[in-house]
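Trainee: I would like to learn how to read a few backbone and packing features in a model like this one. Could we take them one at a time, with the general idea before the case?

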2 protein chains.
Amino acid sequence: MTKRAGYRPSLELVPEVLSGSRAAIARMISRAEGGYAEAAEALAALYRNAGKAHIIGITGVPGAGKSTLVATLIKSLSLEGHKVGVVAVDPSSPFSGGAILGDRIRMNEAAQASQAFVRSMATRGHLGGLAPATLQAVDILDAAQYSPIIIESVGVGQDEVEIVKAAHTVVVLSPPGLGDDIQAIKAGILEIADIHVVSKSDKPEAAAAVAALKGMLKLGASGSRSEWSPPVLSVSAVSGEHLDNLKAAIRRHWTHLKATGELAVRQREFCRTRILNMARHLFQEQFQEGAEDFERQLEAVVRREVDPMAAANVLLGWNKGRHE
Amino acid sequence: MTKRAGYRPSLELVPEVLSGSRAAIARMISRAEGGYAEAAEALAALYRNAGKAHIIGITGVPGAGKSTLVATLIKSLSLEGHKVGVVAVDPSSPFSGGAILGDRIRMNEAAQASQAFVRSMATRGHLGGLAPATLQAVDILDAAQYSPIIIESVGVGQDEVEIVKAAHTVVVLSPPGLGDDIQAIKAGILEIADIHVVSKSDKPEAAAAVAALKGMLKLGASGSRSEWSPPVLSVSAVSGEHLDNLKAAIRRHWTHLKATGELAVRQREFCRTRILNMARHLFQEQFQEGAEDFERQLEAVVRREVDPMAAANVLLGWNKGRHE
C-alpha cells in the first residue's frame, strides 16, 4: 500500500479521534480496513482508551427489517442525547469483493439528522475470516466516546456467532409470518438473543409470531446461558410503536450485565476470540505472502504425496498430530 | 479421548476403507470427527489414495429443497450404477453443539435403497472454523471409490465460500417465489454457481424465477470466473421432472473442467485453502490448551493494557505489524 504525499501518520490522528473528530474517525477506520502496518500502534492506543461503550448487536434474517430498526434507534437515542455509533456489516461477495445489500439509505438519512456515526464494513477480510477492522472500528468509536455502538449484522451463519461475542446485548429481529423453513434456520440465532424482537408489530401476524417465539424459547429454556430471561417484544420500526419497550429492555439488560458480573465474563470471552482471530489473521497473511515453503508444501498436497494436515504441521514447524 | 479396549488402530482400517467396507468407512469418519491423533496417519494414507471422485456441491437457501433434490439424485445416480457418497453439512449451534435441521429422512431412505453412503456432519469444529473432518470425510469416500460425492450445504455465509473450493461442480438451488429480500442475500451464492437450479418446477412461479435468475446472471456476467456459462435449469425433485437435464449439465461441467484444465486450477486452489484451514485449526488447538502464555496475554487484553494484535504477535513470536 503506497501512501500519498501528505499522508498523516496514524498516531497523529489519535488525539483527534479521542476528541471526537468525525474526519479523523473516518480516516482511522479506513486505515484499519486497509490493514496498514503503520496504523497498528494508533489502533493499539485507541484500544487502550476504549472499553466504556455499551455494544449492541442487532441481527436477524434478511428481510426482518434490521436497517429500519437501526435507523429508528439512531433517531430516538440521539434525541435522548446519546452519541450513537453504528457498524453495519455487509456480507461481502467472495469473488467481486463488493457489498451486496444496498438499502442503507434510511439509516444514512437518520445518521445525517443526528450526531450518530454510521459506517458500513465487510465482515470478512480479503484473506477470509472475520476482518479485524470490523472490531477495530468498534474500538475507534468506543475510544471516541460513542455509546451505544450498534453492530448490525446481516444474515445467518458464522457472523452471528462472532457478533454475540462482540456485543454486550444481542437483539435478534424476526419478521412476522415467515415460513417454517426460515424459522428453522433461525433456531441458531435464537439461542444467542438477549432480547427478541418481532418486527412490524402493526401487521396482524406479529402477535402469532410473538407467541410462537415464546413457545420455542420455553422449549429451549434449559440451554439458557444466564439468569437473564430474554424478553420477546414486538416493535414497529416504521411507526415507532413499542420502541420504548425495546429501549427499556436494552437498558435493563445492560444493568443486569453489570450487576451480575456477567459483563466481565462476556468481555473476557470476547477478548479470547479476538486474540485468536487476530493470530489466525496474521498467520494466514504470513502464509499468503507467496512463501517458498508454502508453495513447496502446496505442490506436494496437489500431487497427493502429502495430506493437508502433514503440510500444515511442517509449515508450523510442528511434528505433533492432533489432540488425543 | 480414551480408547476402549478392542480399539483397532486406524491404520488397520485403511485397507478395508479402500476395499469399500461401509463399517470401516463409518468408523474412519468418526475418528476424523473426533480428531484422534492416532488417525492422522491413516487419514494421510487415504488422502494419498483419493483424488478420483467428482465432487458436487449442492447449496442454496433453507427451504430451497436441497435434501429432496439430493435424495432424488442419490436414487437416480445409483440406478445408473454410480456409488454415490453424500456429506450433508448441518449448521451446528454454537451453544448446544447440536444440529438444527432435521429433515434428512427422505435422504436416508434414498440411501438405504441403494449403495450410497450418506453422512451428516457439522461444518464447524469445536474450536470454530471449518471442521477438518468435513473434508476428510470426502477424502475417505473418495479413497473408497465413491463418485460422485455430493456435499450438501445448508444456508448462506462462509460455508458457501468454502464449499465452492471443495466441490468441482457447484449447484445452487433456488426456490421459486421467494421475496426480493431473500433473493438479495442469494446474490452471494449466485456467483459461486456452476449450475443454477430452480426447484419445484411444477409450481407456476418457477418459470418466473428462472427468468429472474437469467436476468441477474446477465447483469453480473462480467464477474464470471471461467468460459463456462452457468445454465439455469428448473427441476422438480419430487416428481423427478427435468432431472435428466440436471444430470446432463453436471456431466457437461465435469467434462468442461477436465478439457479446459480448469480442474487442475480449482484443485490447486482447494489444496491451498485446505492447508491454510488446517494450519489455523492446529494453531488454534495449540492456543486453546490453556497455555500459560495465552492466559497472560488474555489478561493484558482484558485489562486493555495491550490490544489483540499486539497480543497475537507476541504469541506468534513475531514483532512485525501487518502488511504495508
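Mentor: Let us begin with burial: a residue is buried if 20 or more other C-beta atoms lie within 10 Å of its own, exposed if 12 or fewer, and partly exposed in between, with C-beta atoms placed from the backbone. Please keep in mind that this is a predicted model, in which local features need pLDDT of at least 70 and side-chain atom pairs count only at pLDDT 80 or more, while totals for chains, interfaces and linings use all residues. Residues are numbered from 1 along each chain as its sequence is written, and chains are lettered from A and ligands numbered from 1 in the order in which they are written.

Trainee: Is His242(B) buried, exposed or partly exposed?

Mentor: His242(B) counts as partly exposed, because it has 18 C-beta neighbours inside 10 Å.

Trainee: Which helix of chain B is largely enclosed by the rest of the structure?

Mentor: That is α13 (residues 308-316), because seven of its nine residues are buried. The buried residues of α13(B) are Pro308(B), Met309(B), Ala310(B), Ala311(B), Ala312(B), Asn313(B) and Leu315(B).

Trainee: How should I read the packing of α3(B) and α6(B), and at what angle do they pack?

Mentor: Axes are lines fitted to C-alpha atoms, for helices over the stretch in contact, and angles run from 0 to 180 degrees between N-to-C directions. Here α3 (residues 40-49) of chain B and α6(B) pack at an angle of about 55°, with their axes 8 Å apart. That makes α3(B) oblique to α6(B), given that angles under 35 degrees count as roughly parallel, over 145 as roughly antiparallel, 65 to 115 as roughly perpendicular and the rest as oblique. On the α3(B) side the contact (C-beta atoms, placed from the backbone, within 7 Å) is made by Leu43(B), Leu46(B), Tyr47(B) and Asn49(B), and on the α6(B) side by Gln136(B), Asp139(B), Ile140(B) and Ala143(B).

Trainee: Where is the cis peptide bond in chain B?

Mentor: The cis bond joins Ser147(B) and Pro148(B), with omega about -5°, and Pro148(B) lies in the loop between α6 (132-143) and β4 (149-154) of chain B.

How values were computed
Helix = DSSP H or I, 4+ residues; strand = E, 2+ residues; numbered from the N terminus. Contact = placed C-beta atoms within 7 Å.
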